[in-house]
Amino acid sequence: MLEESESKEPAMNPFQKNESKETLFSPVSTEEVRPRPLSLPKKPPPKICGSNYPLSIAFIVVNEFCERFSYYGMKAVLTLYFLYFLHWSEDTSTSIYHAFSSLCYFTPILGAAIADSWLGKFKTIIYLSLVYVLGHVVKSLGALPIIGGQMVHTVLSLVGLSLIALGTGGIKPCVAAFGGDQFEEKHAEERTRYFSVFYLSINAGSLISTFITPMLRGDVQCFGEDCYALAFGVPGLLMVIALVVFAMGGKIYRKPPPEGNIVTQVAKCIWFAISNRFNNRSGDIPKRQHWLDWAAEKYPKQLIMDVKALTRVLFLYIPLPMFWALLDQQGSRWTLQATRMNGNLGFFVLQPDQMQVLNPLLVLIFIPLFDLVIYRLVSKCGINFSSLRKMAVGMILASLAFAVAAAVEIKINRMTSLQPGPQEIFLKALNLADDEVKVTVLGDENNTLLEESIRSFQKMPRYAQLHLKTKSQDFHFYLNYHNLSVYTKHSMEEKNWYSLIILEDGKNISSMMVKDEENKTTNGMTAVRFVNTLHKEVNISLGADISLSVGEDYGVSAYTTVHSGEYPVVHCRTEDKDFSLNIGLLDPGTAYLFVIINSTNHDPQAWKMEDIPTNRLSIAWQLPQYALVTAGEVMFSVTGLEFSYSQAPASMKSVLQAAWLLTVAVGNIIVLVVAQFSGLVQWAEFILFSCLLLVVCLIFSIMGHYYVPIKPEDLQEPADKQIPPTQGNMINLETKKTKL
């Protein structure tokens, strides 16, 4: 595809990931680029191995790889950081995540303005990269538990994210265009191949980082918990490398001076037309054919004609934000869904935030698949699969993806333990005596609420549900053991889980009530607690940074979160003895209770019971929704840019880039609003987004039906009538004879 140099219509690069909503935008143009003054070095710039490729592009490609690794690596673990480190709710975590994403797509306009009107692309990249690095440093400091408290962590996180958004968004429109500046016009073919490598580096960076940083977070322990500081610090280090590498090529870059921004000119033209029309609204003044004709007093006719063509395309952009609202939830709502699923695939335990790696991976597979197979088969069937129809089908696929996500969410809810409601408790009995005990639970009026015989060390399959008359109530327990009856009373509060532990003391028995924690497991981790039947305190080491003490004579520890996996040797110590316990395989998402008991001929042993069973639904069930939404992205995003670029004048490509980025920003704002104010359960929210996109797809289809496409040749004006387009940050990256 990249070799079809004679094609006249621009096509999309087959190496693009979900960068289709950002780097696809590195402005592409089919216009003839007029010569412009460049700050050329005194001697020809050095080439790579005697080819026509300038050496400077090597620094730019490495810079882009490291920067994309930095951005996507940091963003992959962001939602879980909000949820489990800052302890925000799922809705707040989702809202802040999408607020950050939205800001990252607003700031490119600011970066473009700085580069085009003031500093130029090189200095803009350098200065904003320094801001970028500072943001990573602040963000990493905010993930260190030893620095301050909750408020300090929150402030550092928000400041760091704001700086990162300014940095990544500010350099976004500059780097690709700056790479295009390095080529002479006679080397257009080499420039096209360079962009193939450029976009490949983008996807390589995002693919690798999305897989690695969740491992740094989950597989490494810092201060006894997930190492978010490392997961943020490594991407920050990659951004430092990106800045250093880019600066190393400073002496060999071609650095065009800033020459103004076409986006600003278009905005001024539109504003002047509106204000001029408003000031001349008298009925005595003759009407004009088009509202933009009111700008004719100040702006050239050709610019007005170009803006007219641009507004026809921008009108079709109005429904587009809803698609991005669905697509960008892969890093928020879908990641939160993955935390409630079983990531154990047998050969590998997949972290919830690692599922995001499916998107760039599937993009690399789907783009050539659609381009070389599916579209050609549809064409041979005689079906007119126009660009607007492809975009509509992409919307439908994304809508179906969220319908599938809703079905998965419903399945998860059915397999998850019920939660006690108002005036309800969940109770489970654990018999540590050496024989069967009959347990009878009586209410305030001596009515029998529960009656059950429990064998010694019997593994209870579930909690029993008891109803209270008030928020707190006393319950009476009768324990029958051999010929002995024991009466005891325990007070319990609503909306809680309790475990009644039956103890043996010689020939007598007693009981104690233990309140279970509401959320024992998070993030696919494993929770464990211990009951010590020995007469001495036991110190238990579950890892380099995880240790706990359990009191003697039926002491009960609090829940401790550990990583899933095999634990054949757990080192334990009493005041006069060292021994080890084999607690076996710990499944992700499961809460375990271990009872340390004496063994006649051996060291103490651990009896194992599941407090909360593992998440039975495999995380692999998310694969269909990822496949559907990625297929929708390929059909919608890549095709949408190809269509809009073919329908707008060459001088307006930069404005299209800005408008497309704004649709992504608005889409993230939609998610923020819904997450904060909908109040829906998760599966219903997925259905809401699915239905909204179907409605938007219908509206878009109607708009597309009445849209009359413009032939590319109709957009070309005679050379003597064309207005020289502004050559700023949005530099043309192609000529007529090349395509991405």
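The questions below concern the predicted model shown above.

Trainee: How many helices and strands does the secondary structure of the chain come to?

Mentor: The chain has 740 residues, of which 55% count as buried. Its secondary structure comes to 17 helices and 21 strands.

Trainee: Which share of the contacts with a separation of 6 or more is accounted for by residues 24 or more positions apart?

Mentor: The count here takes in contacts in the chain with a separation of 6 or more. Among these, the share from residues 24 or more positions apart is 74%.

Trainee: Is Lys 139 buried or exposed?

Mentor: Lys 139 lies in helix H4, which spans residues 121–141. Leaving aside residues up to four places away in sequence, Lys 139 touches Leu 78, Tyr 81, Leu 156, Ser 157, Gly 160, Leu 161, Ile 164 and Phe 232. Buried means under 20% relative accessible area. The relative accessible area of Lys 139 is 1%, so this residue is buried.

Trainee: Which residues gather with Glu 552 in a patch of negative charge on the surface?

Mentor: Membership in a patch requires over 30% relative accessible area and no salt bridge. Glu 552 is partly exposed, because its relative accessible area is 39%. The residues that gather with Glu 552 in the patch are Asp 505, Glu 537, Asp 553 and Glu 575.

Technical notes: Residues are numbered from 1 along each chain as its sequence is written. This is a predicted model: local features need pLDDT of at least 70, side-chain atom pairs count only at pLDDT 80 or more; totals for chains, interfaces and linings use all residues. Side-chain values use heavy atoms; hydrogens and water are left out. Patches are made of residues with over 30% relative accessible area and no salt bridge: like charges are joined within 9 Å, nonpolar side chains (Val, Leu, Ile, Met, Phe, Trp, Tyr) within 5 Å. Accessible areas come from the Shrake-Rupley method with a 1.4 Å probe; for residues, only the protein chains shown count as cover. A salt bridge is a side-chain nitrogen of Lys or Arg within 4 Å of a carboxyl oxygen of Asp or Glu. Lys and Arg count as positive and Asp and Glu as negative; His and the chain ends are not counted. The place of a charge is taken as NZ of Lys, CZ of Arg, CG of Asp or CD of Glu. Buried means under 20% relative accessible area, exposed over 50%, partly exposed in between (1.4 Å probe, protein chains only). Helices (H or I, at least four residues) and strands (E, at least two) are DSSP runs, numbered from the N terminus. Contact means heavy atoms within 4.5 Å.
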